[in-house]
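Here is a short note to read alongside the model. Please keep the display open while going through the points.

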Amino acid sequence: MEISNEPAIKKPKRLTSVVWNHFERIRKADICYAVCIHCNKRLSGSSNSGTTHLRNHLMRCLKRSNYDVSQLLAAKRRKKEGAISLTTVNCDEGQRKEENIKPTILKFEQEQKKDEPINLGSIRFDQERSRLDLARMIILHGYPLAMVNHVGFKVFVKDLQPLFEVNSAIELDCMEIYGKEKQKVYEIMSRSHGRINLAVDMWASPEQVEYLCLTAHYIDENWKLQKKILNFVSLDSSHTEDMLSEVIVKCLMEWEVGHKLFSMTFHDCAINNDIAVRVKDHFSQNRPLLSSGRLLDVRCSGHVLNLIVQDCIEALGEVTQKVRENVRYVKTSQATLGKFNEIAQQVGISSQQSLFLDCPSQWNSTYLMLEAVLEYKAAFSLLQEHDPAYTVGLSDTEWEWTSSITSSMKLLLEIISVLSSNKCPTANVYFPEICDVHLQLIEWCKSPDDFISSLALKMKAKFDKYWSKCSLALAVAAILDPRFKMKLVEYYYPQIYGAAAADRIKDVSDGIKELFSVYCSTSSSTHQGVALLGSSLASTSNDSRDRLKGFDKFIHETSQNPNIVSDLDKYLEEPVFPRNCDFNILNWWKVQKPRYPVLSMMVRDVLGIPMSTVAPEDPFSTGARVLDHYRSSLNPDTRQALICTQDWLQTGLEEPSRSSPHPALPLAMEAN
């Protein structure tokens, strides 16, 4: 094989830099030129000249359009200085078959890779779009509006995109986005065929100003549970509780959804009952109400459970303080802690838990502290004999009280954890958990210990107030779960009511049938209107003597025959669906909708009831919900716009992490 002495012809180097999108490379003789496509200026285009002078020209080119210069300047730098690349092995087809391929040569191209820009092509910089993107970022993450005036932010933006002009009036951009997003939400609510369930929450501020937050919950056409904050209204000192209904009515009228209202869930169980009645009276025409609105007024289950826990903590207040002193004493020094650990080993304690102080504003941490201390009970008792300075030990009675109340708190913690961790908190999941609390309270009231029984009676009084108002809504939602139906009510009510269970079960059965009959009436009136419309069209197309008018009336009357099995009866008579962890009730009803056309309408409204308004990221808080200083300092319109729009923008994103530092509403929890 002859080897030619002629030098190998070099292929022209591929122009990889994005800067060549703005230059045309021309070769004359042995000289290469780079001609600017904007001003036709000729620069050196040799590969030895690099591209820095070309970038510099683009920065100064007056005829160049408004291109994104930052993309030209932003170099894709390597984290490691020694970037390596694999060279191409050039060999013909015959060599590949006959010879072994030699090891690939590693070529060090540090200089080339160091300044190589990101090849994003020719991107036109849009000031308007970037300005709105900045406003969306501020809204979405709850950043302060004043961040656009921060020196560090201005320097960062200037280096990133010199052409971007930071608008100090960012508040106007946020309000513009709010207006557009509000129109989208308004159209979604208008197109929705189902009804909405309203969550009514009260907020406060460090300045003792109160706010009203209204959130719409509903199940959309795709059988997905949706939640949208409609209003976040400031209440001045002139607003009384009696005037709260007027504010709610005004907000619903603004959104034009008052006629779609199905239920209202109030966070505070002690709020005035007349509020829901006044709202109902204002929007009571042509809408299904169960027994004069017994499903309209719902109270937050999470709030009543936290109230019960507060009774436990208050009853054990002095003992809990002594427990904290015990933990502090043991952890005061390494010597004391070492002595305590030795005693624990002597008495055979092999617990993996360590002692710690609780955070009083989070009652689950108080429970965990008490639980850990109880495991070291024997060690604390023996510590009194070995350490004369230890004088804060608990008595036997105090240990018994701690054990009893900790077991009570454990049940409540488990139930709240289950409810708050549910990714799809439809109304059906609450009934069995609340019934378990009811049964446990009944047992605690029977305790021979006067301390426990008196505490249980106090807790049960608060629970009974909630149960009397919400038990029907809880039961109806559970019945509409194909895994439970009436069987779950028939299982729990004999345990709760004893001999009176039959009457209570009948009340629930009559209640769900009454609600279903209202939906049947609404559905039949719609079908009847369609039938009459078809009849009138037929009479106009034929002679005036329509001999089948009587037939139309006959069809309507026989369709209302009570002997015909309704959707509800058919649903209840069928066997319950097997329980499994992967069951999705909304998917089930979406598939079964053709079989139960009327019942499925009712299911969408009932399952959308928010049985709890407690924030899932902070279900164990013992404090009031307080707006942070930044949001409370804004003017009312801006505050509402930022809070509502943040919620709407987050809907289009993936589910936010529970550990996200920027929840939908910024919280600053205060202990009671």
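1. Basis. This is a predicted model, in which local features need pLDDT of at least 70 and side-chain atom pairs count only at pLDDT 80 or more, while totals for chains, interfaces and linings use all residues. Residues are numbered from 1 along each chain as its sequence is written, and side-chain values use heavy atoms, with hydrogens and water left out.

2. Whole chain. The protein chain holds 25 helices and 12 strands; helices (H or I, at least four residues) and strands (E, at least two) are DSSP runs, numbered from the N terminus. Of its 672 residues, 44% count as buried, where buried means under 20% relative accessible area (1.4 Å probe, protein chains only). Among contacts with a separation of 6 or more, 71% join residues 24 or more positions apart; contact means heavy atoms within 4.5 Å.

3. Helices α5 and α7. The axes of α5 (residues 127-141) and α7 (residues 170-191) cross at roughly 85° and come within 9 Å. Axes are lines fitted to C-alpha atoms, for helices over the stretch in contact, and angles run from 0 to 180 degrees between N-to-C directions. The two helices α5 and α7 are therefore roughly perpendicular, a label for angles of 65 to 115 degrees. Residues making the contact include Leu132, Leu134 and Ile138 of α5, and Ile170, Cys174 and Ile177 of α7. By class, the α5 and α7 contact has eight nonpolar, no polar and five charged residues; Ala, Val, Leu, Ile, Met, Phe, Trp, Tyr, Cys and Pro count as nonpolar, Asp, Glu, Lys and Arg as charged, and the others, Gly among them, as polar.

4. Helices α5 and α25. Helix α5 also meets α25 (residues 636-651), with axes that come within 8 Å and cross at roughly 95°. This pair, α5 and α25, is therefore roughly perpendicular too. Arg136, Ile139, Leu140 and His141 in α5 touch Leu642, Thr645, Gln646, Leu649 and Gln650 in α25. The contact of α5 with α25 divides into four nonpolar, four polar and one charged.

5. Helices α17 and α18. The axes of α17 and α18 (residues 485-497) come within 7 Å and cross at roughly 145°. Among the residues in this contact are Trp467 and Ala475 of α17, and Leu488 and Tyr493 of α18. The contact of α17 with α18 has 10 nonpolar, one polar and one charged residues.

6. Cores. The largest nonpolar core has 104 residues, and those with the most contacts inside it are Phe431, Tyr493, Trp589 and Leu599. A nonpolar core is a set of buried Ala, Val, Leu, Ile, Met, Phe, Trp, Tyr and Cys residues joined through side-chain atoms within 4.5 Å. Helix α17 (residues 450-479) gives the largest share of this core, 17 residues. Another core, of 40 residues, lies apart from it and includes Leu198, Ile275, Leu296 and Ile643.

7. Which residues does Thr406 touch, not counting residues up to four places away in sequence? They are Tyr367, Leu370, Glu371 and Leu374. Thr406 lies in helix α15 (residues 396-421) and is buried, with a relative accessible area of 5%. Ala199, in strand β6 (residues 196-204), is buried with a relative accessible area of 2%. Ala199 and Ile229 are 30 residues apart in sequence and 9.1 Å apart in space, C-alpha to C-alpha.

Note on methods. Parallel < 35°, antiparallel > 145°, perpendicular 65-115°, else oblique. Buried < 20%, exposed > 50% of the residue type's maximum accessible area, 1.4 Å probe, protein only.
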